[in-house]
Amino acid sequence: MKLNVKLLDIASRGVLLNSTDARTLRVRDGDRVLLIDEVTGRTAQAYVDTTDSIIEPGVVGVYKPVNATLAAGDGATVEVRSADRPRSLVHIKKKMDGGRFTKDETVEVIKDVVDDTLSAGEISAYVTASYIHGLDLDEIEYLTRAMVDTGERLRFTRHPIVDKHSIGGVPGNKISLLIVPIIAASGLLIPKTSSRAITGAGGTADLMEVLAPVDFPASEVQRMTEKAGGVIVWGGATNIAPADDKIIAHEYPLRIDARGQMIASVMAKKTAVDADLVIIDIPVGRNTKVEDVQDGRKLAREFIDIGERLGMRVECALSYGESPVGHTIGPNLEVREALTVLEGATEPNSLIQKSISLAGMALEMAGKAAPGQGAEVAADVLRSGKALDKMRQIIEIQGGDPNVKAEDLQPGEYKFDVRAPQDGYVIELNNRSLVTLARFAGSPYDHGAGLYIHAKKGKRVKKGDPIFTIYAEREWRLSRAIEVGRALMPVVVEGMVIERIPQDRWV
Ligand SMILES: O=P(O)(O)OC[C@H]1O[C@H](OP(=O)(O)O)[C@H](O)[C@@H]1O
Ligand SMILES: Nc1ccnc(=O)[nH]1
């Protein structure tokens, strides 16, 4: 059917058809159509939206991303036909039924993710099917390679390139803000790309954004790393493994991180930045992504195997993930805590120990520290102030204020103290519930939202002592978080009655 183009400034990959024309074409909302420009012969695929009034019969409203390929002018005539479903949907269905992806099928799916050929619902189905049925090592390798091949790669002339990544899952895990400057200050190159929060309340990219811009093209990431020794940027803004962020965007609302996709997500970014030596942090503990050490070891083996297949040396650290790292959760609070340590604070121990241990492993792998001495060497770099100087240089090269101080970063103005209901010891700090609370308070989008934990696991508290404080930038968000906190009970003090179940509940 021939229709006249009306360009519409809408950011999705669709077209708007009058319902009468849609009926004639035998398409409904969400179906795909093919557009062919009569004069230029250029084509583009789009999803259909329909309207009874905004677009009249005989006209097709073409959204911006569609016209990026069609390049038609207002009033141009295009042939519009219903289009076939992409073949990758057949492959996704196969995984839903418990099948295995082949190499070619994986490439096809990932290309369609990158080109926005798959809709949001279809990508969600892909992620969910992989989450339920898992991916074996071959499938993970195909996925990692497909993610690398559909994006740009950095090529450094100086090696080794060191990199570090955490699988996430433990709140407050701001260690990259310490590890990257320690490694760069030791004379190594570390082009760190991070994702935003996936299952948490602040990913490293969300944290770094408090200090400086994190959106850079791949060429800039390489240039800045060569100059400053390290960077901390958002992987989603680069064209490095571009499928990754599109997949993560559909994991975030579900708060899932499908195991095979997680390994590929991390290892594709490491491969694409030309890494030789990689440290993977696997937090282990209840209510994290890895519940026990056995499972952690299995996951570590998979990371190491994929690393071998892709030519990288990988070492994994199973780390304590049972409760948050440090005392803070949420962008401003976490960055403030990390800067305090760079500025010389000797607390919190969990944050300092974890950061120097992992940085130490990297220094040993790169030959900058003797075996068994890495953590001590890393601690020296931290204590000497060289890591702080390096962090300032990294902030500056990314366009932030290098003179920023920990005290400049303040949490939101609305706050609420959650107090101990009785005397006793804190016996549980539930990661998932704390993250839920921080998200309700506005994290990670509101940088000032989050939690400050006063009493960590094992701490003795008296009735009425504050256990943690919830911060928010907006009053209604604080109220929501308090309400949710009451239902979730993220903290348990020894001897506390968690729930009272009356007899009549069962009748
Ligand atoms: O939101 P959850 O799932 O907890 O974790 C996601 C975070 O974990 C990784 O941390 P890093 O980049 O190694 O510091 C990711 O890049 C991201 O920042
Ligand atoms: N799935 C992922 C987990 C942690 N970090 C990532 O970049 N991706």
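How many residues of E7 are buried? I looked up the strand and found 5 of its 5 residues buried, so called because 20 or more other C-beta atoms, placed from the backbone, lie within 10 Å of their own. The model is predicted; I took local features at pLDDT of at least 70 and side-chain atom pairs at 80 or more, with totals for chains, interfaces and linings using all residues. Residues count from 1 along each chain as its sequence is written, chains are lettered from A and ligands numbered from 1 in the order written.

**Strand E7.** I noted that Val 162, Lys 164 and Ser 166 point one way, and Asp 163 and His 165 the other. In a regular strand the side chains alternate between the two faces of the sheet. E7 pairs with strand E10 (residues 277-284) in the parallel sense over 5 bridges; pairing takes at least two DSSP bridges. His 165 stands opposite Ile 280 in E10.

**Ligand 1.** I found 15 residues around ligand 1, each with its C-beta atom within 6 Å. Gly 168, Ser 194, Gly 200, Gly 203 and Thr 204 come nearest. Strand E7 (162-166) and helix H8 (204-211) each give two or more residues to this shell. Helices and strands are DSSP runs numbered from the N terminus, helices (H or I) of at least four residues and strands (E) of at least two.

**Helix H4.** I checked residues 103-114 next. Glu 105, Thr 106, Val 109, Ile 110, Asp 112 and Val 113 are buried. They lie on the same side of H4 because they cover an arc of only 160 degrees around the axis, taken from the directions from the axis to the C-beta atoms. Just after H4, Asp 116 takes a positive phi of about 60 degrees.

How values were computed: Expected span 1.5 Å × (residues − 1). Buried ≥ 20, exposed ≤ 12 C-beta atoms within 10 Å, placed from the backbone.
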